[in-house]
Amino acid sequence: ATRIVEFSDLYIAELNDRDRLLTAEITQYVFPSYKQKGYITKKEFLTVCEWKTSRTKPWCASNDAGYIREISSLVRTTASDQLRIHLWTLLAGVQWPTASVFVHFAFADRYPILDTNALWSLSTTVPAQYDFPFWKGYTEFCRNLAHSAGVSMRELDQALWKYADVSPEM
């Protein structure tokens, strides 16, 4: 648990200005707004996509605002983990890793972010293609690890990412 907190703290301490600003935007505005309104606007959607990766920006921007609103609204109303993650992937530019960001922040302490750094930190091979059985197993593993370590899913996620980032083997 101590090492998880140490790496989580290091993640926060070493954020660059861009990532610090985007993190503040999504944690202090986008997801509280999503929780209050029950949907995400196109601008909010693009901010979250940018936080995860700028490579998909043109595809993400091609999504219709009404479609983003409808998808994000449906995600808030379902109790199905499978539907929650899959709905996001219906949007252009959103693959499993980006979809996992939406559920990670929208449902605090329930879902990890799917990231090659985090998978590497757990000695997990990145599959050729993500699917729900992989996601479900990864999510359950992370939930159990966070619970047994007494940390939040956010702290665990930050620690897993940072551990790979600073590891000379990565």
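Q: Is Tyr138 buried or exposed?
A: Its relative accessible area is 5%. Buried means under 20% relative accessible area, exposed means over 50%, and partly exposed is in between (1.4 Å probe, protein chains only). At 5%, Tyr138 therefore counts as buried.

Q: What kind of model is this?
A: Residues are numbered from 1 along each chain as its sequence is written, and side-chain values use heavy atoms, leaving out hydrogens and water. Local features need pLDDT of at least 70, side-chain atom pairs count only at pLDDT 80 or more, totals for chains, interfaces and linings use all residues, and the model itself is predicted.

Q: In which helix is the place of Tyr138?
A: Helices (H or I, at least four residues) and strands (E, at least two) are DSSP runs, numbered from the N terminus. By that numbering, the helix that holds Tyr138 is H9.

Q: Which residues is Tyr138 in contact with, leaving aside its neighbours within four places in sequence?
A: Contact means heavy atoms within 4.5 Å. Neighbours within four places in sequence are set aside here. The partners of Tyr138 are then Pro112, Ile113, Leu114, Ala118, Leu119, Leu122 and Leu160.

Q: How far apart in space are Tyr138 and Thr124?
A: Along the sequence, 14 residues separate them. From C-alpha to C-alpha, the distance between Tyr138 and Thr124 is 9.2 Å.

Q: What angle do H9 and H10 make where they pack?
A: Axes are lines fitted to C-alpha atoms, for helices over the stretch in contact, and angles run from 0 to 180 degrees between N-to-C directions. The axes of H9 and H10 are 9 Å apart. Their angle is about 105°.

Q: What are H9 and H10 to each other, roughly perpendicular or roughly parallel?
A: Angles under 35 degrees count as roughly parallel, over 145 as roughly antiparallel, 65 to 115 as roughly perpendicular and the rest as oblique. H9 and H10 are therefore roughly perpendicular.

Q: How many residues in the contact of H9 with H10 are nonpolar?
A: Tyr138, Cys142, Arg143, Leu145 and Ala146 of H9 meet Met153, Leu156 and Leu160 of H10. Ala, Val, Leu, Ile, Met, Phe, Trp, Tyr, Cys and Pro count as nonpolar, Asp, Glu, Lys and Arg as charged, and the others, Gly among them, as polar. The contact has one charged residue and no polar ones, and its nonpolar residues number seven.

Q: How many of the eleven residues of helix H7 are buried?
A: H7 covers residues 96-106. Its buried residues include Trp96, Val101 and Phe105. Among the helices that cover them are H2 (17-37), H3 (42-52) and H10 (153-166). H7 is mostly covered, with its buried residues numbering ten.

Q: How do H6 and H7 lie, oblique or roughly parallel to each other?
A: Their axes are 8 Å apart and their angle is about 120°. H6 and H7 are therefore oblique.

Q: What is the handedness of the crossing of H5 and H6, left-handed or right-handed?
A: A crossing is left-handed if the near helix is turned anticlockwise from the far one by less than a right angle, and right-handed if clockwise. H5 and H6 pack at about 170°, with axes 9 Å apart, and are therefore roughly antiparallel. Their crossing is left-handed.

Q: What is the phi of Asp109 near?
A: Most residues other than glycine have a negative phi. Asp109 lies in the loop between H7 and helix H8 (116-121), and at 48% relative accessibility counts as partly exposed. Its phi is positive, near 70°.

Q: What is the phi of Ser123 near?
A: Ser123 has its place in the loop between H8 and H9. At 70% relative accessibility, Ser123 counts as exposed. Its phi is also a positive value, near 55°.

Q: What distance separates the C-alpha atoms of Thr56 and Ala92?
A: Thr56 is in the loop between H3 and helix H4 (57-61). At 17% relative accessibility, Thr56 counts as buried. Ala92 is 36 residues away along the chain, and the C-alpha separation is 8.7 Å.
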